[in-house]
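Subject: A structure to look through

Hi,

I am passing this structure on to you, with some notes on what turned up in it. Have a look first, then read on below.

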Amino acid sequence: MQRITVFSVVLLSAILAGCQWQPKKVDFSTQIKPLINKNCITCHGGVKRNSNFSLLFHQDALDTAESGSPAIIPGDPDHSEMIRRLSLEDPEERMPFKKERLTKAEISLLRQWIKEGANWGDHWAYVPPVAIEIPEGEKVSGFSSDNTSAKNGIDYFIHKKLKEENLEPSSSASPAMLARRVYLDLIGMPPTMGQLDSYLNDKSPDAYDHLVDTLLASPRFGEKWASWWLDMARYSDTKGYERDVYRNIWRYRDWVIKAFNEDKPFDRFTIEQLAGDLLVNPSDDQMIATAFHRNTMNNDEGGTEDEEFRVAAVIDRVNTTMEVWQSTTMACVQCHSHPYDPFRHEDYYKLMAFFNDTRDEDTHGEHPKLRIYREDDEKKLESIREWVKNLSGEGKAEEVNRLLKTIEPKYHPHDFDSFINGELIDTKFLGIRNGGSARLKNIDLTGKAYLLINHSTKARNGSFEIRTDQLSGEVIASGRLDTTKGWSRTVMSIALKPTSGKHDLYFVFHNIKAKGENPVSDIEWFAFREDFFKGDANLDNEFITLLNKEVDNTPIMIENPPRQHRTTAVFERGNWLVKSAKVSPSVPKSLNPFPDGAPLNRLGLAQWLVASSNPLTSRTVVNRVWEQFFGAGLVETLEDFGTQGSVPSHPELLDWLSLRLMNDHHWSLKKLMKDIVISSTYRQDSKIDKEKLEKDPANKWLSRGARVRLSAEQVRDQALAVSGLLSNKMYGPGVMPYQPDGVWQSVYSAAKWQKSIGEDQFRRAVYTFQKRTSPYPSMITFDGSSREVCQVRRIRTNTPLQSLVTLNDPVYQEASIALAKRMLKSGKLLDDQIRTGYQLALLEDVSSRKLDALRNLYNEAINSYAENKKLKESLNKEGSIEEAAMTIVAAAILNLDETLTKS
């Protein structure tokens, strides 16, 4: 019996030893791909394919190389050319060529990978998240005063990682500091003393939960989170490029604020911005949402090629869409296959085909635009629509509605050719001289009864005629070009002779009074329409009257009708002038398949982005939201989830939150945010001890609360709020608070920075007028975006200029003066006044050390101003010496590191 037992033990030991010595299978994504990206891909990838060998895609890697043999033979490293070249001593043959050789361990790893079959693997980001169980721990049961207890699933994942790193979570932040933190994070401003007292006096166990719900329901919530989104949307009040003139697009900014406030589900938020115009009977709001992609820049400079800059805008839309929703650097693929990620060159243009069929064409007027009628005119429009609907059905009624709301579809002067005695005026308007002509090619006239012309005419007695197919062809329309007032434009309607089929149209202009180089007229656009009103002259006149109304408008997206469809081709090396194979709309094969039944247009693309099978969208938005609360994402590179991006610090948590956002919260960002801010992880104290500084200096493992410098918008909003100056006025055109003279240098334009009056000077930063070539200086100093291109992550800097702004900028000086007045009114004793100012800014009592310093500062200022009244007046001309001295103290408080930091 004893022998059997010994034998069994020996046998078991041998089996266990065999298991221990079993080599672990090589993982491509974490072990091989980083090696390839670092050492091989620059010569054997998307940009270069030296020796006809590429390591970007699996099939490419196994294909026959220039030598006639494959460089990798799965299962046979000894006969694989790749291993041989890596192992050579001769530097002229050894790979990587003229670079540091791989280590023996790295070559051994590659050998083992080939021996195991050279299996490829999918990068973590391109694999859809799967259901993940919350790590085992105590059962979640409401709230606990002990911050080490898990309050929701987030904490279990964080605590598990802390345990692995031999770290402990921090205790909870003080109620006042936690209140300040969650106010700043959810609505972008600190609480008032009254709001803080109300929270601190609420002794119910759900007090914090109620506070969070109140903030999520605040109208200020949408303003804070709109600032975050508008960076990605590259929102601006100007067009960009050289002239950078005004763009009337503020209604899109307001739409974003309202969308966040109403907690529009992120999938719907996505679809309306990318394809609101393609929804059934879209509302005005859904049309305005599409201005997301009308935030692209528009080049008004004379002499530019409209098609070149239209293409530039479409390219920007591809890059922005993939960066905003997919955290993918698709811009790399415009010129060649991606050097590091599984996207081929043609994938870029298949995506581009989704965006290439929109009506905008880099025109001076930024068409198409949604026309915003006054209430009485809107009623007239609706009555016309109903009349057509009753007569001809919903389809024709929608065509009339589209014409009146957007004047689409139409043709622009750059569509003309074969000019005789005429040209494009400043490359924008059609200008034909007396007896001259121009051709509009291949126009389908079937069913078209009228031509609409938007023109401006200076000389009287002008006229034109339209001939078909040749200059001597049949005249199908003619009309007078009456003088218009000043620089104003008029829409006129010309009857067309019934004609069917496609024809080239020759527009011939006449006016003997248009002398020399002067054109008969300058025309901005043409549009053909049917006889919707069946000869009813009153309705026809009302229709034209509405078209001529001066209305407000917003640039929007509209799809081309079939007769104006554009084909899309691959650009050779990204050059828009050199096109090769034509492509159809499609998505990269390396990602989720296109949804069954989805249309092959922007609507289908938007549905693909928010499909539950998409591996990237929910991860992307979770990561971006997380960064706003903790200062860094679970994946640090917010803009890049590819193989060159950072690996997730907490991959299981990222996927758990992604699935929770989609499945449990149905894309509600407010519910995601509540999950985050009620967690014990979020509520930790931000104080740091020596051990945590050594083990986790960047707080990657979240063993303490986050300390993050406030955003540019928050720095300004907080100063105005604490001082009592901040206006709660919402929505409307951008405002112009104080800005130093000479900052704007607008060319070819009389545009000036006109300082707003009244409370508009003190509105939240999200409403500040954004000029691309001259962004608001104090915002840029604090790392705000110029909004020329999409920016998903602001890199925080710390420069002396920031101190100069908050100490000397008149906006902050006004805030300091206003805060000083509040302090002086709070009590008779100096120390009490200083305590009040400190509490207003930081919501806690000032320490004795800081009180001493601020008191000394006040006394020094009093003495200085008593000796030098001019110095005092340079700061505060109207106030007393005491007020000026207290202004210095207030400025110091507003400039404290604690004030400018969320802790």
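Let me begin with the second largest pocket: 25 residues line it, and F630, G631, A632, E636 and A698 lie nearest its centre. (On a 1 Å grid over the protein atoms alone, a pocket is an open set of points where a 1.4 Å probe fits, with protein on both sides within 12 Å along at least five of seven lines; lining residues have an atom within 4 Å of a point.) Helix 20 (residues 617-630) gives the most to this lining, with 3 residues; helices are DSSP runs of H or I, at least four residues, and strands are runs of E, at least two, numbered from the N terminus.

This is a predicted model, where local features need pLDDT of at least 70 and side-chain atom pairs pLDDT 80 or more, while totals for chains, interfaces and linings use all residues. Residues are numbered from 1 along each chain as its sequence is written, and side-chain values use heavy atoms, without hydrogens and water.

Now to the largest pocket. Of its 32 lining residues, H367, K369, R489, E524 and N553 are the closest to its centre. Strand 9 gives the most to that lining, with 3 residues.

Finally, helix 27. Its buried residues (under 20% relative accessible area, 1.4 Å probe, protein chains only) include Y812, L819 and M823. Among what covers them are helix 24 (712-723) and helix 31 (881-894). At the start of helix 27, the backbone nitrogen of V811 has a side-chain oxygen of D809 within 2.8 Å.

Enjoy exploring!

Technical notes: Buried means under 20% relative accessible area, exposed over 50%, partly exposed in between (1.4 Å probe, protein chains only). Contact means heavy atoms within 4.5 Å. A polar contact is a pair of N or O atoms within 3.5 Å; within protein, one must be able to donate a hydrogen and the other to accept it, and residues adjacent in sequence count only if both atoms are side-chain atoms.
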